There are 2 protein chains.
Amino acid sequence: MRKILMAISATILSLSATDAIAASAPLMVRIAEIEIDPNQLAAYKTLLAEEQEASVRLEPGVLMLHSVAIAAQPTQIRLLEVYADRAAYEAHIRSPHFMKYKTSTERMVKSLKLIETMPILLCAKAVTQADVPTAACR
Amino acid sequence: MRKILMAISATILSLSATDAIAASAPLMVRIAEIEIDPNQLAAYKTLLAEEQEASVRLEPGVLMLHSVAIAAQPTQIRLLEVYADRAAYEAHIRSPHFMKYKTSTERMVKSLKLIETMPILLCAKAVTQADVPTAACR
């Protein structure tokens, strides 16, 4: 089910980019809890992964979209969604790739719960310009 | 409550690193659902954020640790934890910073539920070496 595009990130800390983000509006971070029709689970995952990849690649304000299935209940999908701000989210739900996902998965989704959150800390593996592993946190 | 270390990641896609990861064991991805004593919430968040930052910075196999509080129930904390494999997780829980977190937050945690998951797609904003925004997904 996983996308072929596998990319491991070697992240360079950029002070100028940090400054730009620090000055901007707060992140919008959300959890989605989604239950999928078991007969359409494989098709759903393909459409979801396509939508995630396109959104993060094409939209400046879509910073992360992480999706998982609960191991003991594989039709239960969870997403962690990170947008630069609410405007980025509003733009996202009007994007062609999101609208395609929404329309094509409409009959696959048995329930959808959207949970607004306040980020505490978002940390991912990174490397410095000197190639030293570190953490990029915000 | 947020850490001062704010770093925005400019990610370079590395084919050699991608190949190395593709050949390795599957990721271990987990959700933690934690309820905190409301009187100790601020202290808990500080200890959690310290532990996240140290783990992702110091441990090669701790790839992401993202924590949020549910907006409508701020004592409800959720984590998305991504380890390179199960061995990386086993090393993590024996690390000094994790053991410090575990001991110092023991009386703050009212409940803890650990949920094993199967990743569908993990996608974060990145840039290519030519400085073009893209998605790093796996």
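1. Start with the hairpin of E5(A) and E6(A): five residues sit between the strands, and A:Asp131 takes a positive phi near 70° there. Strands here are DSSP runs (E, at least two residues), numbered from the N terminus. Keep in mind that this is a predicted model, in which local features need pLDDT of at least 70 and side-chain atom pairs count only at pLDDT 80 or more, while totals for chains, interfaces and linings use all residues. Residues are numbered from 1 along each chain as its sequence is written, and chains are lettered from A and ligands numbered from 1 in the order in which they are written.

2. A:Asp131 is not a glycine, yet its phi is positive. Where does A:Asp131 sit? In the loop between E5 and E6 of chain A. Is A:Asp131 buried or exposed? A:Asp131 is exposed, because 8 other C-beta atoms lie within 10 Å. The cut-offs are 20 or more other C-beta atoms within 10 Å for buried, 12 or fewer for exposed, and partly exposed in between, with C-beta atoms placed from the backbone.

3. Two strands count as paired if DSSP finds at least two bridges between them. Across this pairing, A:Cys123 has A:Cys137 in E6(A) as its bridge partner.

4. Now chain B. B:Asp131, also not a glycine, has a positive phi of about 70° and lies in the loop between strand E5 (109-127) and strand E6 (133-137). B:Asp131 counts as exposed, because it has 8 C-beta neighbours inside 10 Å. E5(B) and E6(B) pair in the antiparallel sense over five bridges, and B:Cys123 is partnered with B:Cys137.

5. E5(B) has other partners too. Strand E2 (residues 28-36) of chain B runs antiparallel to E5(B), with eight bridges; B:Glu35 pairs with B:Ser111. From the other chain, strand E3 (residues 62-70) of chain A joins E5(B) through seven bridges, again antiparallel, and A:Ser67 has B:Leu121 as its bridge partner.

6. Which residues have the most contacts inside the largest nonpolar core? A:Cys123 and B:Cys123, in a core of 65 residues. Such a core is a set of buried Ala, Val, Leu, Ile, Met, Phe, Trp, Tyr and Cys residues joined through C-beta atoms within 7 Å. Leaving aside neighbours within four places in sequence, the contacts of B:Cys123 (C-beta atoms, placed from the backbone, within 7 Å) include A:Val56, A:Met64, A:Leu65 and B:Ala135.

Notes:
Helix = DSSP H or I, 4+ residues; strand = E, 2+ residues; numbered from the N terminus. Contact = placed C-beta atoms within 7 Å.
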